[in-house]
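Please keep the structure in view while reading.

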Amino acid sequence: MLELNAIKKNFGRIEVLHGVDLQVNGGEVHALLGENGAGKSTLMKILCGIIQPSEGTIRIEGTERHFANYDEAIAAGVGIVFQEFSLIPHLNAVENMFLGREIRTPLRLLDRAAMRARAIEIMRQLAVDVALDVPVHRLSVAEQQFVEIAKALSLEARILVLDEPTATLTPNEVEHLFKVMRELRRQGVAIIFISHHLEEIFEICDRITVLRDGEFVGSCSVSEVDNDRLVEMMVGRRIENNFPPKPGMNPSATMVIEVEELQLKNGGPVSRFALRKGEVLGFAGLVGSGRTETVLAMLGAYPAARCKIKLDGVEMRFSGPDQGLAHGIGLLPESRKEQGLITSFSILQNVSLNNYGKYRKGHWFIDLKKELDCTRTAMGQVRVKAQGPHARVDTLSGGNQQKVVIARWLNHDMNVLIFDEPTRGIDVGAKAEIYALMRAFTERGGAIIMISSELPEVIGMSDRVCVFRSGGIVATVEGEDVNSEIIMTHATTGRVEHVA
């Protein structure tokens, strides 16, 4: 159904795609794999008419096509769910789904009833319950993702590109999506699926194409490769172990943070936990279980009915993350683009944010050479792929933008780092490096709270795990109890003690 032949793309004098080929059949789910910066998103933007190729051809059902813009690609039956949401925050789900192609009555008036009925039909197909009549900024991240998917399905596309659609979904929501994908495959739709979760590739995909540094590495059937071979194709080397070894907890380690009681709402569960020097404390639970709200409440960035904490043995009440920063606590937020970056700034400016005191030269001046050297070091640690420290962040891929946020905190002299979904959108090679950097931070005496929806990540990285359900901690597990069965049992059926 689809053939991309010898696609090249130059941005100025830099060639980012070097003659890439891709063939996708109707009625198959085709995985497009590669590290961040491998060229996956650029290739898909070329397919969708968002950017133009420097060389190469696109053929759909044997006919050569040239798309001057996305509207022309949509008209040809190509739809895409972008990695970064493209929703208008103040519009509701129905308005977003039909924006620019509204259904109208014979009198050219908006047929809101018809659009709503179609939206309900698509959401029923997805088997999800999303409020259709509220502004999408009031929806959860997962709900917004389903609106994006529903928007693409409303196009009745014959070629559907899903760029990391599962990054913000729970396991149950992922399974719902896979059911929809299987039905679309049965209907003959060609699906291009981009994901960094290799277990998903083996579960849902038929064939695979791998890119590395803008080069076509190869295509094969899923049955012809295993996990190790795919990783080697993507990164050009074998990665023997994704997670660094755990050093073993010292029960007498200093308590850095002690949360004696934290209650998000009156009558709700009361959470209690402690963070020790040198450990990674995992926060696990389903979406909406209260993990992120708990750390934000601890830092004074989310309202709490009760909040009593100690920092290094001293009672403390933070008024906001800036005060936490002043006491050596750094927060890497879940929403990088909205909360973690100033995308119109350069990499150097973003890495230096809140840290210019480190570069002070005398009373009034900044040591620009030191700032540049530190930025380059931080970029190298997390393998940011960019033209240099002065490249604007909005020119980077989503994964590389995420690495810039991590680079900033590694550049700070923090005692505690809170990572909310630290590797979302990060490729397998970079994940291993980020895990190593996190463990190196704790080995130097730092402490980490890691919120993650990925159970393998929680199990592989955490020394202890606090399991959340219904707005509070229902269990804290360690040692051999840090396993998927026990964690998911607590997350789905655990009892929560309510305090009046």
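A salt bridge is defined here as a side-chain nitrogen of Lys or Arg lying within 4 Å of a carboxyl oxygen of Asp or Glu. By that criterion, the structure holds 18 salt bridges. The model is predicted, so local features need pLDDT of at least 70 and side-chain atom pairs count only at pLDDT 80 or more, whereas totals for chains, interfaces and linings use all residues. Residues are numbered from 1 along each chain as its sequence is written, and side-chain values use heavy atoms, with hydrogens and water left out.

Consider the helix pair. Helices are DSSP runs of H or I with at least four residues, numbered from the N terminus. Helix H4 spans residues 112-126 and helix H5 residues 141-153; the two pack at an angle of about 115°, and their axes are 10 Å apart. Axes are lines fitted to C-alpha atoms over the stretch in contact, and angles run from 0 to 180 degrees between N-to-C directions. H4 is therefore roughly perpendicular to H5, a term covering 65 to 115 degrees. The crossing of H4 and H5 is right-handed, meaning that the near helix is turned clockwise from the far one by less than a right angle.

Which residues in H4 and H5 meet? Arg 118, Ile 122, Met 123, Gln 125 and Leu 126 in H4 are in contact with Phe 146, Val 147, Ile 149, Ala 150 and Leu 153 in H5, where contact means heavy atoms within 4.5 Å. By class, eight nonpolar residues, one polar and one charged make up the contact of H4 with H5.

Arg 118 also takes part in a salt bridge with Glu 121, at 3.3 Å from N to O. These two residues are three apart in helix H4, and therefore about one helical turn separates them. Glu 121 counts as partly exposed because its relative accessibility is 44%; this class lies between buried, under 20% relative accessible area, and exposed, over 50%, with a 1.4 Å probe and protein chains only.

Side chains of opposite charge can pair when their charged atoms come close. Glu 175 and Arg 182 form a salt bridge with their closest N and O atoms 3.3 Å apart. Glu 175 is partly exposed at 29% relative accessibility, and Arg 182 is partly exposed at 29% as well. A network of salt bridges links Glu 175, Arg 182 and Glu 203.

Asp 394 pairs with Arg 392 in a salt bridge whose closest N and O atoms are 2.5 Å apart. Asp 394, at 37% relative accessibility, is partly exposed, and Arg 392 is partly exposed with a relative accessible area of 41%.

Definitions and conventions. Angles under 35 degrees count as roughly parallel, over 145 as roughly antiparallel, 65 to 115 as roughly perpendicular and the rest as oblique. Ala, Val, Leu, Ile, Met, Phe, Trp, Tyr, Cys and Pro count as nonpolar, Asp, Glu, Lys and Arg as charged, and the others, Gly among them, as polar.
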